[in-house]
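Hi,

Here is the structure I said I would pass on.

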Amino acid sequence: MPDASAEGGSSVWHFGSFSLREAQRRLERHGQPIRLGSRAFGLLLELLKRAGEVVGKDELLAAVWPDVVVEEASVRVHMSILRKALGEPDDGNGCVEWISNIPLRGYIFLGRVRREIIPSEGVPVTDASLSATVDVSTMAALPVRFSKLIGRDVEMARLLSMLSKTRMVTLVGAGGVGKTSVAVRVAERYREVHGGSICFVDLAPLTSQEHVLSTVARATGVRGDVPDVAQAIIERLEGAEALLLVDNCEHVIEALAPLLHRFLAALPDLHIFATSREVLRIEGEHVSRLMPLAVHDDAAISMSRALHSPAVQLLVERARAAGTSTFDDASAAPLARICQQVDGIPLAIELVAARLGAQSPSDLALRLDDHMRLHSTIRRAVLPRQRTLAATLDWSVGLLGTPELMLFRRLSIFRAHFEVEAALSVVASDMEPDVASDALISLASKSLVVYDEEKGVHRPYRLLDTTRSYAHALMLRAGEQRLVSMRHARVMLDLMGSATADLASLEAWEWVQCYGTLLDDVRAALDACVAQDEDSDIAGALTIGSAALWFRLSEVGEYRDRVRAALNYVQTLPRPDRLAAGWLQLALYNALWHTGGSVAEMTQACETALDAALEFKVGTLEFQARWGLCALNVTRGDYPEALQHAEALRGYALQSESEVTRNLSHRMLALASFFCGVLAEAKTHAEAAMNVDVSIRRNQGNTFQPDARITAMAILVRTLWIQGDTQLAMSTARRCVEEAEALGHAMSLCVALFWICPVAIWASEWATARKWVDAMLRETRSKGLDYWHEWALCYDDGLKLEEFDAAEGRDAHIEQVAGKALEMDMPRREMLVTFCPAWVDEELLARAMRGGGQWSAAEVYRAAARREALLENAGGAQALYRQAIELACAQGARSWELRAARDLASMEDERGNVSA
């Protein structure tokens, strides 16, 4: 096929429900972006270009990895990712799978493919993806609306015009007037006209101003645990033509307004569209007020005239959707009267429309009129539209049966979507499940509960914000808050159990789609447990059990604080729960590890957890506490202590039938053995740990740790190089980075680079080393991984030795690093001496003499020997060189042995030359 650029346009490849936009390197399904890495995208594009032909693996490697030498395994890895992203073809696509592997030949794309050329001139391009420079695949999409928006054409045109001319528009209106529905429709129109990306931020579930920033971050696809979240959001949106739709702002304006002002100041291409019950008072804000739907004066004359009124149109449309038969001219006057009685407020109209299936329009108008007059007499001090909506809700609720009313009150405990089982749980023991299920269906049919088709099987029910506030007030008046809060907490605990179990079976994005909306409910449940001071078991269990949710949504900082609060709670009980405290200490360690906690605090947490495990004889807690202590002792350079914990893990693993436990034991033994200088053991255990399947890698115990296979492979790389198998080490290192990048997991990539960056430096692979070190610096800085960033800086110092053009600059750098090295921890000082012998110090040498830092002790002896040689102490230098050679030989550290032997020979040659 000819190249698109030669034809003056760009190609769009269509197959099934997918469209691949070649110029934008973007894949869409039904117009929605699909997340795909650059390598997987390249493979798909090559296969589409030659659909129906077998494309050889060598051809794919040449096309997708043109400047990199990689193995065939890279094609398999990314092809697997691509197949998962595409899924199975629908009926009618002419194939049962999109891509087939032809043994010994290559791959073939089997689906029907259509190529479309989008001209660069002459035809206007309005596709959103063509003007956006931001990857929108991780941004929160607009909610899908299944019902028609009635009577808002004028308002929509006005808002669209305002958004085209100004950058900050706020749609203000009373509760129930339809702000969200109008805003979503306007945003859709805006995208059709202007292109760009749309990000939807729903603030309705929030109970605290503190969560505004993290909610916006999540919606824009930014991690919530980076050092400056607001700046990360700005960097995410920088250069993109984007519209940020922020919904339900009124209760968090204090935190939201300055944040949006910062965005507007930093992002000239960003437009913000907000909905609120009050103005945000941001500089440059333009306000549009949304009024209720109109009822025309002549609406009562005939049905055809009545339907010219938007309020009557909505009432009739919703009544018909509820199963009401057609209306005749006699219905016109009462229908118009009903709309006038509820002031044209859309939510109120929907509530009364549900009754038209059981009452005639005239009867409903009469009964509603009596109720409104009584309500206006009682609540004269309330604003008219608020009074109208409250009266409508009072009237609708007054018609509920006892089971419906109880369920309605208690459903207000949910902050977001919920499923049938959760709804039944809040009335468990108070009514039969069948009765409760019927009550839920009845509430949905009466528009008091919304059934959201978009959610499908994942928690399809919700209460609108206005309705939830009303129902919550009823629950408080009924004195049910404590009871329902505890039941809600138990529901969340059960759901978190399911969420944890699903970690191994669901892709990360599927898991977040299924469970991510529960965060605000979990927050509310934890707050209630602590505030009511009633059930310590649930408070601790939910804090521990919800870890996956906080980690997956990058809210680890908040999780750490909640763990501390739970610890304080269980420890100050009249009878402190020491076992629960032990589990919480372990949770605290995990949170601290990911948020830059001090080694001392993490060690104390793990030791306290271990004490509880030994006291109560809980093997799983002991295993996880020792796992933490093993890693921590490596971090602080106490390698023998780490090995003791690793050996204890081995003893536990030998009695376990869990493959996950055995794999972890191998990893910890590989880690501790390497740093203790037992290289043969490290190699054996690393190779065993690499042999791991997907279910183990996704297991809940490994979910928030670096990937099991990547970690083991990275340890093996460094071990192989020191053992002298340098070529295998470098090829394994390249494969390790390739696989880590394909995972898209920042921590796994950082751990891989931690182990392999020094190997590239030792091997004098300067270009590769600079590429990897820069990647580690960039990744650790952007993700706020401070501990790993310090290591990246350490490698950068080592690499810079080879990047100075003049000796003066190199000498100055050596002196500068030598000065700051004394402030570093021992593990980094041990590493630095392998880059430059001048960075040895007396403390390092004394440590090696005592048997510490054995993985690099031979290098410490070599560096000390070179120092003695410079001081013309040939005897002392020779003794230290021989000590280095003997230790390296005993360890099987062939590369260290060769370095020491080379330096010794060089010194002796120089002495011989001098003597001659």
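This is a predicted model: local features need pLDDT of at least 70, side-chain atom pairs count only at pLDDT 80 or more; totals for chains, interfaces and linings use all residues.

Residues are numbered from 1 along each chain as its sequence is written, and side-chain values use heavy atoms, with hydrogens and water left out.

On confidence: pLDDT is the predictor's confidence in each residue, from 0 to 100. The chain averages 87, and 90% of the residues score at least 70. Residues 1-8 stay under 50, and the model has 14 contacts for them beyond four places in sequence; contact means heavy atoms within 4.5 Å. Residues 374-385 are also below 50, with 15 contacts beyond near neighbours in sequence.

Helices (H or I, at least four residues) and strands (E, at least two) are DSSP runs, numbered from the N terminus, and two strands pair if DSSP finds at least two bridges between them. An open sheet is built from 3 strands in the order β5-β7-β6, with antiparallel pairing. Its edge strands are β5 (54-56) and β6 (99-102), each pairing on one side only. β5 is joined to β7 (residues 106-109) by 3 bridges, and G56 has G106 in β7 as its bridge partner.

Two helices lie across these strands. Helix α2 (residues 57-64) lies across β5 and β7, at about 70° to β5. Axes here are lines fitted to C-alpha atoms, for helices over the stretch in contact, and angles run from 0 to 180 degrees between N-to-C directions.

Now the inside. A nonpolar core is a set of buried Ala, Val, Leu, Ile, Met, Phe, Trp, Tyr and Cys residues joined through side-chain atoms within 4.5 Å; buried means under 20% relative accessible area, exposed over 50%, partly exposed in between (1.4 Å probe, protein chains only). The largest such core has 217 residues, and F408, L411, F418, W755, W788 and Y795 touch the most other members. Helix α35 (residues 746-762) gives the most to this core, with 14 residues.

Finally, which helix holds R847? R847 sits in α40 (residues 842-849) and is buried, at 13% relative accessible area. A polar atom of the R847 side chain lies 2.7 Å from the backbone oxygen of G637.

Cheers

Notes:
A polar contact is a pair of N or O atoms within 3.5 Å; within protein, one must be able to donate a hydrogen and the other to accept it, and residues adjacent in sequence count only if both atoms are side-chain atoms.
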